[in-house]
Amino acid sequence: MEDKKSVILVSPSEMVARGLEVVLGDSAEFRVEEIFHDLSRPVEARLRIVDPDIVIIDPTVFDFRSRKEGRGRLADICDSIVIALDVSGLTDDVLRQYDGSVSIYDRPDEVVRKVRSSMESKQTDSIVSDGGELSSREKEILVCVAKGMLNKEIADKLNLSIYTVITHRKNITRKIGIKTVAGLTVYALLNNLIDMNSVQ
């Protein structure tokens, strides 16, 4: 039997998170590793340590934590599938930032189906790896990543939206098969895109 996919739940409502834990725990596919409802704890550090397959997060967390970058901030931290937990009727603009979404009004079988669908969609994207040449824009973004810049900083520097930067980063990962910032930095160094002095 295939291993269960690890999940971290991030929601200011412990009741909602515990309900979602039960729904996912009843399926044979998912295992909830941790629940974050205390927003004073640093979620980012734990995500780096646990490196879950899936993060299900209430986007209002970013308002609570004063993070304007929202989903883009998570893209800098982990390569997990990130699913929005819709508790208040999120707009389409917000939902498009995520790999999928589930609503507190979904039936349990719908929640499992949506999480599975988000996972399959993301896996299909990564299978389409063509090993192709990076475009000049992708190389620019790779250099910025290697210099330690966050998605928001890259977007500001290159006059792009943060969503465009995230898309380019996904394409870079798909083409060269490297996900981590350290790996991307080494790739940039080995391909003479940057020199050692420009790395922070």
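Q: What is the pLDDT over residues 63-71, and how many contacts does the model have for them beyond four places in sequence?
A: This is a predicted model, and over residues 63-71 its pLDDT stays under 50, on a scale that runs from 0 to 100. For that stretch the model has 20 contacts beyond four places in sequence. Residues 125-129 are also below 50 in pLDDT, with 4 contacts beyond near neighbours in sequence.

Q: Where in the protein chain is confidence lowest, and where is it highest?
A: Helix H4 (residues 71-77) has the lowest confidence, with a mean of 54, while helix H1 (residues 14-25) has the highest, at 92. For the protein chain, the average pLDDT is 80, and 78% of the residues score at least 70.

Q: What makes the pair Glu14 and Arg18 a salt bridge?
A: Let's set the distance against the cut-off. The N to O distance between their side chains is 3.4 Å, and a salt bridge needs a Lys or Arg side-chain nitrogen within 4 Å of an Asp or Glu carboxyl oxygen, so the pair qualifies. In general, side chains of opposite charge can pair when their charged atoms come close.

Q: How are Glu14 and Arg18 placed in helix H1?
A: They are 4 residues apart in helix H1, which means about one helical turn separates them.

Q: Why is Glu14 called partly exposed?
A: Its relative accessibility is 36%. Buried means under 20% and exposed means over 50%, so a value in between is partly exposed. Arg18, at 38%, is partly exposed, and Glu21 is partly exposed at 25%.

Q: How do you know that Glu21 and Arg18 meet in a salt bridge?
A: The side chains of Glu21 and Arg18 are 3.2 Å apart, N to O, and the limit is 4 Å, so this counts as a salt bridge. Glu21 and Arg18 sit 3 residues apart in helix H1, about one helical turn.

Q: What makes Lys152 and Asp156 a salt bridge?
A: Their closest N and O atoms are 3.2 Å apart, so they too fall within the 4 Å limit. Lys152 and Asp156 are 4 residues apart in helix H8 (residues 151-158), about one helical turn. Lys152 is partly exposed at 34% relative accessibility, and Asp156 is partly exposed at 48%.

Q: Which residues do salt bridges with shared partners join into one network?
A: Glu14, Arg18 and Glu21 are joined this way. A search of the whole structure finds 12 salt bridges.

Q: Which residues of helix H10 (residues 181-190) are buried?
A: Gly183, Leu184, Thr185 and Ala188 are buried. The buried residues of H10 pack against helix H7 (136-146) and helix H9 (162-176).

How values were computed
Residues are numbered from 1 along each chain as its sequence is written. Side-chain values use heavy atoms; hydrogens and water are left out. Buried means under 20% relative accessible area, exposed over 50%, partly exposed in between (1.4 Å probe, protein chains only). Helices (H or I, at least four residues) and strands (E, at least two) are DSSP runs, numbered from the N terminus. Contact means heavy atoms within 4.5 Å. pLDDT is the predictor's confidence in each residue, from 0 to 100.
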